[in-house]
Amino acid sequence: TIYFGFTPADARFIGSPVDYIIFDGLTRVADDKEDEIQIVFMDVKKGSGTLTRTQRLIRQAVEKKSVAWKTMRIADD
């Protein structure tokens with residue numbers, strides 16, 4: 001048995017370079033039951049599978065809190 005540990009509706013499959021980005025708590029926020037989420041990057045491995053170099057660098061950036069938020073505005077025509 002595999003235990004996912006998150007609400008499936010909070011997970012977004014992207015496949016590469018990591019399998020999932022999980023917005024843990026998103027459904028509770030949408031239902032006005034909470035006001036905070038945690039963003040989780042998840043890769044799924046089987047057996048002795050290991051992270052790729054790119055995945056290790058992503059993990060390192062997350063652990064160092066080297067993340068940013070950007071908003072791109074597009075002008076109305």
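Guide: Two strands count as paired if DSSP finds at least two bridges between them; strands themselves are DSSP runs (E, at least two residues), as helices are runs (H or I, at least four), each numbered from the N terminus. The model is predicted, so local features need pLDDT of at least 70, side-chain atom pairs count only at pLDDT 80 or more, and totals for chains, interfaces and linings use all residues. Residues are numbered from 1 along each chain as its sequence is written, and side-chain values use heavy atoms, with hydrogens and water left out.

Within β2, Y20 is the bridge partner of F13. Three bridges join β1 to β2 (residues 20-24), and the two strands run antiparallel. The loop between β1 and β2 contains P17, and the peptide bond from S16 to P17 is cis, with omega near 5°.

Three strands make up the open sheet, in the order β1-β2-β3, with antiparallel pairing. Because β1 (11-13) and β3 (38-42) stand at the edges with a single partner strand each, one side of each is left without a neighbour in the sheet.

Strand β3 includes I39, which is partly exposed at a relative accessible area of 47% (buried means under 20%, exposed over 50%, partly exposed in between, with a 1.4 Å probe and protein chains only). In the loop between α1 (26-30) and β3 lies D32. Phi of D32 is near 60°, a positive value in a residue other than glycine, and D32 is exposed, with a relative accessible area of 71%.
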